[in-house]
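Here are my notes on this model, as promised. Have the viewer open while you go through the points.

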Amino acid sequence: MKMETSSFAIVTALLLVVTQLPLGLTFSSVAPAFLWSSHLNGKKEMVDYRILAPRDLAKSTMTEGGWSKYLCSSEEVQGSNNFAFLFIGSELQSLEVSRPAKTDPTLIDLLKDSFSNSNSSVAFPYVVAGEEKVSIESSLLSEFAETCQHNFGVSRIALVGSCSVDGENFDKINDVSSVNDYLNSRIEKSSDGHTDLIVMCPGDSMLSQDNDQPHSESNILSQLLNAVNEMGAKYSFLYISDPFRSDEYVSHKGLERFLAEGSVGNVSANSTGCDEVCQIKSSLLEGLLVGLVLLIILISGLCCMMGIDTPTRFETPETS
């Protein structure tokens, strides 16, 4: 029953904001993020309905999610092995959480289960993806460091997969199977209690050994959660989806080129129908315009009636 309630809360959050997206934003440009922790005491099963940029998400993660205790130097984490995982996916859009027909249902079930059963958890249904010139992982890391200022207490930062972050002070890991070995080595070497930040960006570079196909996000996430639970380490997890990483979506440069080259000659061939969200918005816009016209007519009628100088009484003419 608890799982059903939290899942209903997430789905309701996604459906309530259909008409609240700012002009120029569509559901293809917003994606969900889920934050949960195995031991941090904080808000549980909270849903943040705001539309956030990646840097705003980082600030909320530090404050509402309690990552300031993790990433900034603090006595609260001394003497324990801590891992903060930043998982940059590409398979989810906001609307697909409530309508998972085109998405791996295993991934959605895993995220909802982690959201429900963790010690603290926050969901961010609407994060603007792909709007900045830098990658999401680079924006988040920059904001984490800026929030902590001179107290950035991360011991090591490891980049797994196809992460794009400027700098050289990172441990690079290309294979998923090597992540467990890295975590074990960090537990053995770390004695100061500081947190290690693991940034995971699955992609074509992380291939399965069986069929040379990319690992699914649900498979990678499940293996990772099982590994840290078996190690007994304290961890906190931030999953964020960036659909523009996927090959199914056109990149910004490719989209601009497509609009420039395809606006003449191929309009009818490349045109698409109005989907369900488009129909909802068009219906709401039509209703708004009709209501506005009726309101103008009503106000005009009232003004005309008030302008008519009708006498309060009529005098009968005198007869001679």
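1. The buried residues of helix H8 (217-231) are covered by several elements, including strands E1 (30-37), E4 (82-89), E8 (195-201) and E9 (234-241) and helices H5 (105-117) and H7 (177-189). Contact here means heavy atoms within 4.5 Å. Helices (H or I, at least four residues) and strands (E, at least two) are DSSP runs, numbered from the N terminus.

2. Before going on, please keep in mind that this is a predicted model: local features need pLDDT of at least 70, side-chain atom pairs count only at pLDDT 80 or more, and totals for chains, interfaces and linings use all residues. Residues are numbered from 1 along each chain as its sequence is written, and side-chain values use heavy atoms, with hydrogens and water left out.

3. Which residues of H8 are buried? They are Glu-217, Ser-218, Ile-220, Leu-221, Leu-224, Leu-225, Ala-227 and Val-228. Buried means under 20% relative accessible area, exposed over 50%, and partly exposed in between (1.4 Å probe, protein chains only). As background for that spacing, an α-helix has 3.6 residues a turn, so residues three or four places apart point the same way.

4. The length of H8 agrees with expectation: its 15 residues should span 21 Å at 1.5 Å a residue, and its end C-alpha atoms are 21 Å apart. The expected span is 1.5 Å times one less than the number of residues. Just after H8, Gly-232 takes a positive phi of about 75°.

5. Do look at Asp-196 in strand E8. Asp-196 counts as buried because its relative accessible area is 2%. Its side chain is joined to that of Arg-186 by a polar contact of 2.9 Å. A polar contact is a pair of N or O atoms within 3.5 Å; within protein, one must be able to donate a hydrogen and the other to accept it, and residues adjacent in sequence count only if both atoms are side-chain atoms.

6. Glu-45 deserves a check of its backbone: its phi is positive, about 55°, although it is not a glycine. Most residues other than glycine have a negative phi. Glu-45 sits in the loop between E1 and strand E2 (46-47), and its 22% relative accessibility makes it partly exposed.

7. Finally, the whole protein. It has eleven helices and nine strands, and buried residues make up 42% of its 320 residues. Among contacts between residues at least 6 apart in sequence, 81% join residues at least 24 apart.
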